[in-house]
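Here are my notes on the domains and helix packing, in the order I would go through them. Have the model open while you read.

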Amino acid sequence: MNHHISDHPSLKPYDISNYSGLRGKNFYEIDRALQRAVARYSENFAPDHKAAMEAHIKGYGELVGGVLDELTEKSHKEGKYGEVVKFDRTGKRIDQIVYSTEQTQSRKISYDYGVVNLDFHSSWKHPFPNIHRYALTYLMNLNGEGGVACPLAMTDGIIYALKQIGTDRQKEKYLPLVAGEGSASHFMAGQYVTERVGGSNVLANRTVAKKAENGKWILVGEKWFCSNPGDLWVTTAKIEGTNTIGMFLVPRIKEDGELNGHHILRKKDIIGSRGKLTVEIIYDNVEAEEFGRPSHGIVNLIKYIIKISRIHVGLGACGNARRGVMEAIEYAKWRTAYGKKVNQFSSYARSLAEMQIFQTAMTFVNFRSVDLVEKEHLAAEVLIPLLKYKSSSQASWITQKAILCLGGNGIIGDFSPLPRLHNDSIINETWEGTHLIVTDHCLHALQKNKVFSAYCELVETLSKDAKSYPALNYANSVFESKFSELKNILENESKEWREINRVYIADLTYGVVALAEYLEQASFDLKTKKESIYSDFANGYAELFQLGADAPRKKDGVFLNPESLEAIIQY
Ligand SMILES: Cc1cc2nc3c(=O)[nH]c(=O)nc-3n(C[C@H](O)[C@H](O)[C@H](O)COP(=O)(O)OP(=O)(O)OC[C@H]3O[C@@H](n4cnc5c(N)ncnc54)[C@H](O)[C@@H]3O)c2cc1C
């Protein structure tokens with residue numbers, strides 16, 4: 001044996017020796033659904049606004065596919081996760097989180113780019129509407145949580161709430177910190193509600209708030225899940241002597257420069273979203289400010305804070321899932337088995353197409369939803385909780401399928417971002433409301449006549465032109481039968497039946513709106529063109545919705561049509 005080990009016959013180059021993944025691509029430029037959403041929701045913008053917005057989103061697409069992808073990978077390695085530093089060198093309590101250089105750089109790049117605060121940038125001369133804001137959120141999530149997405153969601157929620165219910169003094173004091181151009185606080189905001197006794201039932205909070213003579217509130221208690229502990233957070237507590245939950249703002253450092261009265265107990269050992277820390281905190285006479293009217297704590301929490309986080313979970317899940325689909329499709333172009341590329345096996349191609357169809361539907365519906373939120377359309381009351389539930393659970397399904405598409409390499413943490421994306425997706429299913437809680441909120445909204453009418457009007461408007469196009473006959477017939485099933489359930493089934501079947505009802509509500517969305521996308525094209533790729537998406541989605549993802553595929557459906565199957569995968 002006098003040859004070098006790399007000459008060993010078993011180490012010869014093989015099919016994926018030169019596989020380099022997706023880094024270096026502009027993730028906006030390779031995303032047709034996102035580009036279409038951006039183009040369609042900005043149809044009425046002034047031309048200079050539209051052009052500036054597209055350039056800004058495209059610029060972020062390059063960062064996400066390049067330096068941010070690299071920093072995210074580097075900051076998710078042992079030794080690079082954040083740590084709690086409880087004391088300084090003299091033994092004084094500081095309860096501070098220290099992140100790796102890669103993590104802080106990653107936060108700074110996105111913050112300075114304006115993903116949460118472009119409207120605070122002096123150089124930005126246009127509005128910062130939802131389509132722009134959430135296109136950036138979606139792109140950021142292509143790298144998974146990354147330690148940035150959850151903090152972004154919470155910071156966005158605080159900014160929104162400050163604008164809506166903050167006093168003039170609170171706006172003046174805190175907006176420059178959490179949203180100001182050049183602020184050194186890069187998404188360092190939190191929302192602490194959950195206690196040991198439970199997160200779903202906020203009324204069970206045991207933390208007590210007592211009003212001090214100076215108008216501030218003193219809180220004693222604990223919070224059990226505190227993600228992204230930083231400069232400022234929103235919290236809840238029971239107002240002393242009552243059963244009312246108030247909402248408060250807590251700065252980490254008091255006006256006199258001292259650490260505000262709290263202790264971080266420990267960092268939680270979480271399975272995902274590890275780029276940022278989640279800790280447990282004791283409130284030991286922490287000084288807080290009332291945020292909105294104290295008696296409106298729960299209402300304000302839902303209306304301003306949780307609403308924004310749930311929107312972020314929906315869009316974030318779309319981003320997670322999209323990266324899963326991208327990784328699987330890319331890998332399948334390289335990997336061979338039994339003498340051919342794995343994507344040449346029809347069963348494998350079917351799996352890729354299903355992922356693509358589900359993910360693209362999520363993207364269109366989530367962007368529809370944020371447009372409706374902006375227009376204050378009542379259907380958003382259904383869509384916000386619905387999409388929080390459905391997008392996060394589908395992202396877990398899609399990222400798991402993507403892992404399977406890569407075989408053993410799918411499981412390996414330094415081969416692709418898939419294991420991290422999958423773990424992040426699982427977290428998204430729970431925080432800001434478990435499935436059973438969020439589908440309850442969805443059912444509650446559906447049971448309000450005005451809200452359900454708004455939902456019906458939405459899906460009817462989206463689907464109305466589809467009847468004119470024979471290519472959409474099958475999708476349209478599934479839409480009509482599922483929509484009438486939903487109406488029948490809400491009109492005729494008992495309260496008990498609806499309660500126990502709330503997840504089924506949410507799935508049905510989602511399927512109807514997702515299919516209506518595809519019908520609209522296809523009809524939009526068919527008005528001016530002979531064919532639309534969205535006809536295949538609509539018919540494919542209809543099949544998955546009608547028969548289920550695991551059922552045999554229809555003999556005359558898109559999955560058994562090689563051209564359609566290929567077009568969906570290559571989309
Ligand atoms: C990584 C991570 C980060 C988090 N970060 C934060 C944070 O920053 N701030 C914060 O406040 N919280 C945070 N959370 C907490 C999260 O919001 C809660 O875990 C969640 O709301 C559920 O609360 P719980 O864990 O106490 O479960 P429980 O409320 O005890 O629920 C247990 C089970 O009972 C079910 N259940 C409860 N009520 C009902 C009902 N009425 N009907 C049917 N089923 C029901 C739930 O669906 C669940 O399956 C975080 C969680 C995780 C995992």
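1. A word on terms before the helix pairs. Axes are lines fitted to C-alpha atoms, for helices over the stretch in contact, and angles run from 0 to 180 degrees between N-to-C directions. Helices (H or I, at least four residues) and strands (E, at least two) are DSSP runs, numbered from the N terminus. This is a predicted model, in which local features need pLDDT of at least 70 and side-chain atom pairs count only at pLDDT 80 or more, while totals for chains, interfaces and linings use all residues. Residues are numbered from 1 along each chain as its sequence is written, and side-chain values use heavy atoms, with hydrogens and water left out.

2. Start with H13 (residues 449-463) and H14 (residues 473-492): their axes come within 12 Å and cross at roughly 170°. H13 and H14 are therefore roughly antiparallel (angles under 35 degrees count as roughly parallel, over 145 as roughly antiparallel, 65 to 115 as roughly perpendicular and the rest as oblique). In contact (heavy atoms within 4.5 Å) are Phe452, Tyr455, Cys456, Val459, Glu460 and Ser463 of H13 with Asn476, Phe479, Phe483, Leu486, Lys487 and Leu490 of H14. These divide into 8 nonpolar, 2 polar and 2 charged residues. For the classes, Ala, Val, Leu, Ile, Met, Phe, Trp, Tyr, Cys and Pro count as nonpolar, Asp, Glu, Lys and Arg as charged, and the others, Gly among them, as polar.

3. How do H10 and H16 sit relative to each other? H10 (residues 380-405) packs on H16 (residues 502-526) at about 95°, with the axes 10 Å apart, so the two are roughly perpendicular. On the H10 side, the contact includes Val382, Leu383 and Tyr389; on the H16 side, Val503, Ala506 and Tyr510 are among the residues. By class, this contact has 9 nonpolar, 2 polar and 2 charged residues.

4. H6 (residues 149-165) and H7 (residues 168-178) pack at about 155°, again with a stated axis separation of 10 Å. That angle makes H6 roughly antiparallel to H7. Among the contact residues are Thr155, Ile158 and Leu162 of H6, and Gln170, Tyr174 and Val178 of H7. The H6 contact with H7 divides into 6 nonpolar, 2 polar and 2 charged residues.

5. Now the domains. The chain is split into domain 1 (32-82 + 96-178), domain 2 (189-295) and domain 3 (300-570), with bounds from an automatic or database domain assignment. The centres of domain 1 and domain 3, taken over C-alpha atoms, are 24 Å apart. Between them, 36 residues of domain 1 are in contact with 38 residues of domain 3.

6. UniProt, in an unreviewed entry, lists "domain: Adaptive response protein AidB N-terminal" at residues 22-178. That span is 57% helix and 7% strand, and its end C-alpha atoms lie 32 Å apart. UniProt positions are in the numbering used here, feature names are shortened, and annotations may be inferred rather than shown by experiment.

7. The unreviewed entry also places "domain: Acyl-CoA oxidase/dehydrogenase middle" at residues 193-286. Residues 193-286 are 0% helix and 48% strand. For residues 301-437, the record gives "domain: Acyl-CoA dehydrogenase/oxidase C-terminal" (unreviewed entry), and here the chain is 75% helix and 3% strand.
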